[in-house]
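This briefing covers a few local features of one protein model. Look at the sequence and structure first, then read the points below.

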Amino acid sequence: MELSRVEVLSNKEIKEIDSASKEILEETGVKVLSKEVLNIYEKGGGQVDYDNMIVKIPEKLVNKSVESAPSVYKLYNRDKDSFLNFGKNLGYSASGHNAIYILDTKTMERRSSTKEEVGNFAKISDALSNIHVVGVQAMPQDVFSKSSILHALDVVANNTSKHIFFSPENVSEAKALIKMLKVISDEEDLGGFPIATCQLSPISPLTWSEGTAEAVVEIASSGIPLCILPQPYCGVTSPITLAGTLTSNNVEEISALVLSQIVNEGSPFIYGAAWTTFEMNKGSVLIGTPERCLLSVGGAQIARYYNLPSHCIAFDTDSNIYDEQNGFEKIFNTIATLQSGINLIVNAGMFSTGMTVSYE
């Protein structure tokens with residue numbers, strides 16, 4: 001038995017979002033704050049304005065990139081003796097991702113997480129059969145801040161044999177993490193047996209920082225599966241309408257897809273999403289809202305339209321404690337995301353709008 005699939009967009013609406021996205025990419029473009037990456041776009045067929053650091057991407061280049069990205073591939077465990085068939089599956093679950101605080105339920109105190117605790121989370125995820133991929137549950141705060149993600153990958157890799165999900169902030173971190181993964185897997189070609197997936201995020205709206213754009217190049221070159229995770233805020237960093245937010249997210253997604261395929265044609269790519277609405281009265285981001293559920297379903301439909309594997313956050317709540325709100329928000333957005341047909345669902349174990357985690 002499996003859940004029936006839900007949809008919120010008609011085929012006509014999906015094509016309208018696709019058409020609007022291609023128009024934005026070709027006529028408005030995306031800001032890329034790296035001359036090195038702009039050079040790569042230009043050599044691949046993009047039209048570059050170096051003075052304003054904007055690349056415009058023609059539709060034919062978009063179509064070529066969509067066609068070259070694989071729809072199905074394998075995610076291996078650390079020992080390379082088993083794998084997940086990824087791309088046609090329904091809802092693999094991943095723990096994490098990248099919280100700051102841990103709720104100590106012995107004292108009911110919210111405090112900074114430690115490297116040891118990040119390792120403990122990995123042990124728990126390794127033991128749970130319904131957690132298929134192990135993310136960095138929290139960023140350790142008791143280590144040198146600029147190498148926090150390196151410590152996190154170290155302790156996660158030492159406490160699970162499952163496929164790992166990680167997220168660097170810039171190209172320096174990406175290069176160091178690639179070196180670590182080569183040692184862990186005893187492979188120079190990380191694309192042959194990918195034991196980890198990398199997530200990178202643009203700056204909404206329609207901007208790539210220098211370090212992140214160059215990290216996209218490094219990850220795509222290495223063959224590690226690349227998940228792009230825009231996080232547009234409705235009415236703040238994207239249009240206030242859900243259709244506008246879906247389109248803005250799609251433009252950022254495709255801009256990275258094109259770059260990854262120019263660098264390494266056929267490299268694995270995941271269409272990711274971390275939708276958020278915004279409480280204008282309080283100036284706060286919300287991820288447990290009904291609108292978020294609609295966006296998640298719509299995003300899954302768009303990913304299928306491009307025949308790309310998909311990712312979305314879920315298991316989410318804006319509650320800061322264990323209460324009814326925590327329960328029903330997690331239930332609703334998890335069911336919506338599962339029924340959308342998303343391939344990878346991330347954020348198991350999180351609450352407080354993704355800021356806090358706990359063992360429970």
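The model is predicted.

**The open sheet**
- Four strands make up an open sheet, and their order is β2-β3-β1-β12.
- The pairing in this sheet is mixed.
- The edges are taken by β2 (47-49) and β12 (207-208); each has a single partner strand, so one side of each is left without a neighbour in the sheet.
- Strands of a sheet pair through backbone hydrogen bonds, and the pairing is either parallel or antiparallel.
- Strand β1 (residues 30-32) and β12 run parallel and are joined by 2 bridges.
- Opposite Val32 stands Trp208, which lies in β12.

**The helix pair α2 and α7**
- Helix α2 spans residues 35-44 and helix α7 spans residues 210-222; their axes come within 8 Å and cross at roughly 50 degrees.
- The crossing of α2 past α7 is left-handed.
- On the α2 side the contact is made by Glu36, Val37 and Ile40, and on the α7 side by Ala213, Glu214 and Val217.
- Of the residues in this contact, 4 are nonpolar, 2 are charged and none is polar.

**The loop residue Asn98**
- Asn98 is found in the loop that runs between β6 (92-95) and β7 (101-104).
- Its side chain makes a polar contact with the side chain of His97, at 3.4 Å.
- Leaving aside residues up to four places away in sequence, Asn98 touches Val136, Gln137, Ala138, Met139 and Ser167.

Conventions
Residues are numbered from 1 along each chain as its sequence is written. This is a predicted model: local features need pLDDT of at least 70, side-chain atom pairs count only at pLDDT 80 or more; totals for chains, interfaces and linings use all residues. Side-chain values use heavy atoms; hydrogens and water are left out. A polar contact is a pair of N or O atoms within 3.5 Å; within protein, one must be able to donate a hydrogen and the other to accept it, and residues adjacent in sequence count only if both atoms are side-chain atoms. Contact means heavy atoms within 4.5 Å. Two strands pair if DSSP finds at least two bridges between them. Axes are lines fitted to C-alpha atoms, for helices over the stretch in contact, and angles run from 0 to 180 degrees between N-to-C directions. A crossing is left-handed if the near helix is turned anticlockwise from the far one by less than a right angle, and right-handed if clockwise. Ala, Val, Leu, Ile, Met, Phe, Trp, Tyr, Cys and Pro count as nonpolar, Asp, Glu, Lys and Arg as charged, and the others, Gly among them, as polar.
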